[in-house]
Amino acid sequence: MIPLVIVKQLEKYLAGVFGNNSRIEDCRHTGGGSINEVCAFTCNQKKFFVKWNTAAQYPGMFETEAKGLALLASSHTFRIPEVLSSGSADPYAFLLLEFVSSGSATKPFWEESGRTLAVLHRHTNPRFGLNHDNFIGSLPQANSQCDDWVDFYIQMRLEPQIRLAHNNARADASLSRSFDRLFQRLVRLFPVEPPSLLHGDLWSGNLMCDNNQKPVLIDPAVYYGHREMDLAMTALFGGFHQDFYDAYNRAWPLEQGWEERVGLCNLYPLMVHVNLFGGSYLSQVNQILKRFAG
């Protein structure tokens, strides 16, 4: 299931851990999609997780994912899977990670997740953005730093997605006009807050419950941004218990009206989905623009 050229690279790494004659066993496909293939396997009775894709199609994706995981781990908040190895095996790129056994989410899990996210968001930076670009899904995500959140949100998040939608004939000129009206109002819509360290793609599939009921973050698209972006993303596809939001607000109350700004924040992930999948996502974008831009 794992391409042989990757197996050879993995077994070279494993030989350095366990000694010679380390072999991959009990390899099980655990999902994957349009971007990555993923497998869990065993070596010397220890489980590992590997993901791979076509290197030429997604250059640098795993390098930036590893950097994002390391940045999140440096906050000493959530459990973050350890990056064990990464590299290329023509024509593939791969990332080897610690295997995390999953459990069933309970009320204490959701409460700890909310509290811990608030602590993560307390980790700040002088400017919005990041010192390197990365990916959101399979799309490049630019992170050039800005002093002002609204400038960053417009220039680094919304405008690139609008251009891509036009270039791929997924949107017409009326969409740009609606966004232009919104841009004139954005400075009055967002409360002023310092840049927070964000997961960046915090839907329910990227928050795991491990077998000790501890929250685990995976597949980040990190940057320093407005903390309401992470909270809004949790609401985009659902799956987060109310205990999560209550615990977050007890730890670090959100500014009044944050629930009304959820759609405003979700314009970015929705435009990403327009560019990846089209269809109904454009309708959702237009509904939000009508509400905030008239």
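Me: Why does Thr-42 count as buried?

Reply: In this predicted model, Thr-42 has a relative accessibility of 12%. The term buried applies under 20%, so Thr-42 qualifies. Thr-42 belongs to strand β2, which spans residues 37–43.

Me: Which residues is Thr-42 in contact with, leaving aside its neighbours within four places in sequence?

Reply: The contacts of Thr-42 are Arg-23, Ile-24, Glu-25, Asp-26 and Lys-47. For each of them, heavy atoms come within 4.5 Å.

Me: Why is Thr-116 called buried?

Reply: The relative accessible area of Thr-116 is 11%. Because the limit for buried is under 20%, Thr-116 is placed in that class. Thr-116 sits in helix α3, residues 107–121, and touches Thr-77 and Phe-78 when residues up to four places away in sequence are not counted.

Me: What makes the approach of the Thr-116 side chain to the backbone oxygen of Glu-112 a polar contact?

Reply: A polar atom of the Thr-116 side chain lies 2.6 Å from that backbone oxygen of Glu-112. The cut-off for a polar contact is 3.5 Å, and 2.6 Å falls within it.

Me: Why is Asn-131 called exposed?

Reply: Asn-131 has a relative accessible area of 68%. Asn-131 lies in the loop between α3 and β6, and its side chain is joined to that of His-132 by a polar contact of 2.8 Å.

Me: Which residues touch the most other members of the largest nonpolar core?

Reply: Within this core of 75 residues, they are Trp-149, Tyr-153, Phe-179, Leu-182, Leu-186, Leu-267 and Val-285. Phe-179 touches Leu-158, Ile-162, Leu-267, Met-271, Val-285 and Leu-289, not counting residues up to four places away in sequence. A second, separate core has 15 residues, including Ile-24, Cys-39, Trp-52 and Ala-89. In soluble globular proteins, nonpolar side chains tend to be buried together.

Notes:
Residues numbered from 1 in each chain as written. Predicted model: local features only at pLDDT ≥ 70, side-chain atom pairs only at ≥ 80, totals over all residues. Heavy atoms only, no water. Helix = DSSP H or I, 4+ residues; strand = E, 2+ residues; numbered from the N terminus. Buried < 20%, exposed > 50% of the residue type's maximum accessible area, 1.4 Å probe, protein only. Polar contact = N/O pair within 3.5 Å; in protein donor to acceptor, adjacent residues only side chain to side chain. Core = buried A, V, L, I, M, F, W, Y, C linked by side-chain atoms within 4.5 Å.
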